[in-house]
Amino acid sequence: MLLIGLTGSIATGKSTVSSILSSPPHSLPIVDADVLAREVVEPGTKGYAAIVKHFGPTTPDLLVEPSGSMPENGPTGKGRPLNRPALGRRVFGDSDERRKDRAVLNGIVHPAVRWAMARKVLWCYLTGCWAVVLDVPLLFESKLDRFCGTTLVVGVRDPEIQMRRLRERDAHLTSEDAENRVRSQTDVRTKAKWSEARGGHVVWNDGTKEELTVQLDEVMRGLKAQSNGLWSWVLLACPPLAVTLAAWHFWRNQRSQADRSS
Ligand SMILES: CC(C)(COP(=O)(O)OP(=O)(O)OC[C@H]1O[C@@H](n2cnc3c(N)ncnc32)[C@H](O)[C@@H]1O)[C@@H](O)C(=O)NCCC(=O)NCCS
Ligand SMILES: Nc1ncnc2c1ncn2[C@@H]1O[C@H](COP(=O)(O)OP(=O)(O)OP(=O)(O)O)[C@@H](O)[C@H]1O
């Protein structure tokens, strides 16, 4: 099974690509790290408790305000949900303090997300999928690309388009919030170079969704052709060879990571 690591930067079009790849003719399963990152911090989870413990004392608006429709103890009685924009203001930005807070939040959320992803990928494998898309905003930063057979970066060349789409989609963000979010991530053009350096793919999303679809169709045709070849039947028939090849890919991806950090 091919693991396709899909990434980009904020609002460059990962969800749009996921939605295209999950629809016919591709119909691929999608494992979305943003969705899992929400699930693992719902009231009642360990992630929620850790966030409230660490950020609660210094973030008065950390939880959604109680109101007529929001009981003091939350709708499930396990606590009020996190006020995500408020937590975002604590962690996004490039000052030392924001970076430190972001590292703490990532340390709470990422391990739980990785386990949840592993379970979903295993399920896809057991149900015989030929490929699965891992939609992970921080794919390279969290080194998850090591496990991917290929990577696909969705980028925009023009930063103004990225900012405009972000502000249109998340109208509740001030321009400072939006700038801080963009600055909290590696530039998408750098990610595009990383993807190409390890033999992965890049699609550019400055144009229309139709233009994006055409590029994706081409990438997927190439990947499908590789996975349908005689070589994949040989690997299926000979598991030790498949394991050796997977180990080689892992080693090669590690090296590409080492090159990035040097
Ligand atoms: C700070 C939080 C509560 C803000 O929530 P909000 O609903 O406003 O944003 P959402 O989760 O939809 O994220 C939107 C985008 O922000 C970017 N982003 C999210 N977390 C991070 C991060 N830790 N570092 C850099 N960029 C991030 C991603 O591009 C993501 O797609 C939330 O982003 C969060 O819990 N982040 C930490 C977990 C994480 O790293 N998630 C990314 C996938 S694992
Ligand atoms: N080619 C396009 N033309 C016009 N709008 C687009 C295009 N691609 C994406 N968008 C819009 O831009 C916004 C951001 O796209 P999307 O949500 O797919 O980005 P994302 O990378 O998943 O964002 P995030 O990192 O925040 O999860 C959405 O409102 C989406 O509908």
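Twelve residues of domain 1 touch twelve residues of domain 2. This is the place to begin reading the structure, which is a predicted model. On the domain 1 side of this contact, β3 and α7 (175-183) are the elements that give two or more residues. Of the elements on that side, α7 gives the most, with four residues. By class, the domain 1 side holds five nonpolar, four polar and three charged residues.

The division of the chain comes from a domain assignment. Domain 1 is made of two stretches, 1-29 and 131-262, while domain 2 covers 35-128. Between the C-alpha centres of domain 1 and domain 2 the distance is 24 Å.

Next comes the sheet. In which order do its five strands stand? The order is β2-β3-β1-β4-β5, in an open sheet with parallel pairing. The two edge positions belong to β2 (30-32) and β5 (201-204); each of these has a single partner strand, so one side of each has no neighbour in the sheet. From one strand to the next, the twist averages 20 degrees.

How many of the five residues of β3 are buried? Four of them are, so β3 is largely enclosed by the rest of the structure. A residue counts as buried here if 20 or more other C-beta atoms lie within 10 Å of its own C-beta atom. As a general point about regular strands, side chains alternate between the two faces of the sheet.

The ligands come last. Around ligand 1 there are 20 residues, and the closest are I10, A37, R84, G88 and P137. The elements giving two or more residues to this shell are α2 (33-39), α4 (84-91) and α5 (96-126). Which of the elements gives the most to the shell around ligand 1? It is α5, with six residues. Both domains take part, as domain 1 and domain 2 each provide at least three residues of the shell around ligand 1. By class, the shell around ligand 1 has eleven nonpolar, five polar and four charged residues.

Ligand 2 is surrounded by 16 residues, the closest being K14, S15, T16, R165 and R169. At least two residues of the shell around ligand 2 come from each of α1 (14-22), α6 (159-169) and α9 (209-228). The most comes from α1, with three residues. In the shell around ligand 2, four residues are nonpolar, seven are polar and five are charged.

Methods: Residues are numbered from 1 along each chain as its sequence is written. Chains are lettered from A and ligands numbered from 1 in the order in which they are written. This is a predicted model: local features need pLDDT of at least 70, side-chain atom pairs count only at pLDDT 80 or more; totals for chains, interfaces and linings use all residues. A residue is near a molecule or strand if its C-beta atom, placed from the backbone, lies within 6 Å of it. Ala, Val, Leu, Ile, Met, Phe, Trp, Tyr, Cys and Pro count as nonpolar, Asp, Glu, Lys and Arg as charged, and the others, Gly among them, as polar. Two strands pair if DSSP finds at least two bridges between them. Axes are lines fitted to C-alpha atoms, for helices over the stretch in contact, and angles run from 0 to 180 degrees between N-to-C directions. A residue is buried if 20 or more other C-beta atoms lie within 10 Å of its own, exposed if 12 or fewer, and partly exposed in between; C-beta atoms are placed from the backbone. Two residues are in contact if their C-beta atoms, placed from the backbone, lie within 7 Å.
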